[in-house]
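Look at the structure first, then read on.

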Amino acid sequence: MSANLESYVTPETQIQHDTGVDESLNPKTDKDRTVSPIDYIFMWVGDGVNLGNMTLGASLVVAGIATLNVFQTFAAAIIAIGIISTVFALNDRLGYRTGIPYVVQLRMSFGVKGSIISSLLRGIPAIVWYGFQSWIGGTALNEIAKIITGGAFDNVAICFVVLQLVQIGLSLYGFHAIKWVETLASIVIVLALLYVFGVLLTSHSAVITERWVHAEGTWGLPFFAFIMMFMGNYAAIFLSAADYSRELKSGISDTKRGFLYFLPILIAYGLTLAIGAMLASATGITNPVKAFAIVVDNSYITLFVSAFIVLGAVAVNMVANIIPPTYVITLLTKLKFKPAVTITGLLAFASFPWLLVQDSSAKGLGMFILIYSAFLGPIVSILLIEYYLLRKQKVNVEDLYKEDGPFTGYNPAAILAMLIGAGAAFIKVELAWIIGVVVAGIVYILLMKFAFKDSKFKKGTIFEK
């Protein structure tokens with residue numbers, strides 16, 4: 001069988017025998033792909049317009065003093081979005097062309113056993129965030145229930161359970177559910193944000209202009225730190241880009257796919273960042289929920305904000321926090337997709353999100369984010385170097401599914417490069433992602449070329465003799 005990956009794209013050339021994994025992890029054929037470019041755009045808009053990204057914008061303005069002014073904010077955003085879109089389009093290519101998911105893609109660099117470690121580094125944080133987002137959404141759902149019942153109902157735990165069960169039910173339908181959930185959420189949330197944007201422009205333009213637009217700001221470390229922070233929000237998602245691109249209809253060029261990332265992320269972040277910074281400038285409050293209540297003088301503001309939070313939580317979970325860990329569980333346990341996605345939802349309960357949202361847990365949660373984020377840059381760097389530089393975009397997909405094939409065991413070069421890159425990332429936390437990417441990439445090339453020159457993982461690479 002040819003080693004050229006294009007030979008596996010069409011249904012006629014797909015792997016015909018049992019791959020030893022659930023069918024949900026098998027390469028997607030053209031007829032299996034149901035996500036159109038418009039669906040894809042809505043998916044990423046729905047993922048981006050959430051409270052967390054609005055808080056990121058608000059963090060630029062502390063106590064009414066702008067760390068970055070409006071020009072610097074959007075300059076940093078454009079740079080970050082450009083990098084994000086480029087990495088997305090590069091790392092999604094193998095998944096798009098062959099239809100394989102991220103957990104199988106990892107075997108190319110880390111090996112069958114080594115991929116378990118790197119897949120867990122994507123899956124475990126996603127489950128934790130799944131629970132965290134659901135608890136926030138459950139809290140907002142409880143506020144809606146209190147308004148509707150006139151205060152007769154007040155139980156966050158029940159609302160959390162209800163919301164989680166709804167999300168598990170939706171996720172059973174995979175990307176079929178994600179398409180319409182994200183479309184609905186993105187349209188509703190964008191319209192709501194445009195309304196708030198109009199209110200801010202008409203009622204608070206003077207103070208916003210003074211505190212954010214005309215602020216001096218800085219082009220120093222905070223500017224570059226914001227770019228890294230911006231990218232950090234997508235670091236886990238573009239790491240598992242293959243999980244999304246394999247669902248996208250075939251026939252879309254690499255350049256056009258890059259645009260399918262750039263446009264929705266620009267729209268989503270443009271709105272949320274601007275409104276977050278404008279709210280903080282107008283009120284001096286960085287918590288968007290509290291700032292909303294001050295800016296929008298309406299008796300139904302709590303209902304509006306709560307609905308926004310619920311929709312945002314579901315939208316983020318459906319894209320970022322459900323599919324990746326489900327594939328990990330499917331791979332490790334050999335379970336079917338539906339039992340695995342149910343277990344993912346149940347594990348989110350076990351993340352104890354009601355403890356993570358406490359102020360006393362903020363430091364520990366921040367440390368958790370810092371630790372796992374340090375590994376994400378190195379992993380994506382290793383994947384890109386393996387695919388583009390070492391293998392020249394030629395991978396025998398069938399071999400990736402063989403438990404006893406050339407990718408069996410683990411690749412020590414990938415494990416070492418990941419650990420060294422992650423360690424280097426802690427040297428300068430503000431620039432952790434880019435440091436991890438560069439260091440891990442250099443180390444991986446050197447190890448593959450010199451230290452492990454006889455490794456079976458070099459089969460098919462540019463170093464092969």
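Q: Are Trp-129 and Phe-132 buried or exposed?
A: This is a predicted model, in which local features need pLDDT of at least 70, side-chain atom pairs count only at pLDDT 80 or more, and totals for chains, interfaces and linings use all residues. Residues are numbered from 1 along each chain as its sequence is written, and side-chain values use heavy atoms, with hydrogens and water left out. Buried means under 20% relative accessible area, exposed over 50% and partly exposed in between (1.4 Å probe, protein chains only). Trp-129 and Phe-132 are both buried.

Q: Which kind of pair do the rings of Trp-129 and Phe-132 form?
A: Rings of Phe, Tyr and Trp (its six-membered ring) pair if their centres lie within 6.5 Å; planes under 30 degrees apart count as stacked, over 60 as edge-to-face and the rest as tilted. Here the centres are 5.1 Å apart and the planes are at 80°, so the pair of Trp-129 and Phe-132 is edge-to-face.

Q: Which kind of pair do the rings of Trp-135 and Trp-354 form?
A: The ring centres of Trp-135 and Trp-354 are 5.7 Å apart. Their planes are at 55°, so the pair is tilted.

Q: Is Trp-135 buried or exposed?
A: The relative accessible area of Trp-135 is 13%. Trp-135 is therefore buried.

Q: What is the relative accessible area of Trp-354?
A: Trp-354 is partly exposed. Its relative accessible area is 31%.

Q: How many aromatic pairs does a search of the whole structure find?
A: Ring pairs link a cluster that includes Tyr-40, Trp-44 and Trp-433. Over the whole structure, the number of aromatic pairs found is 21.
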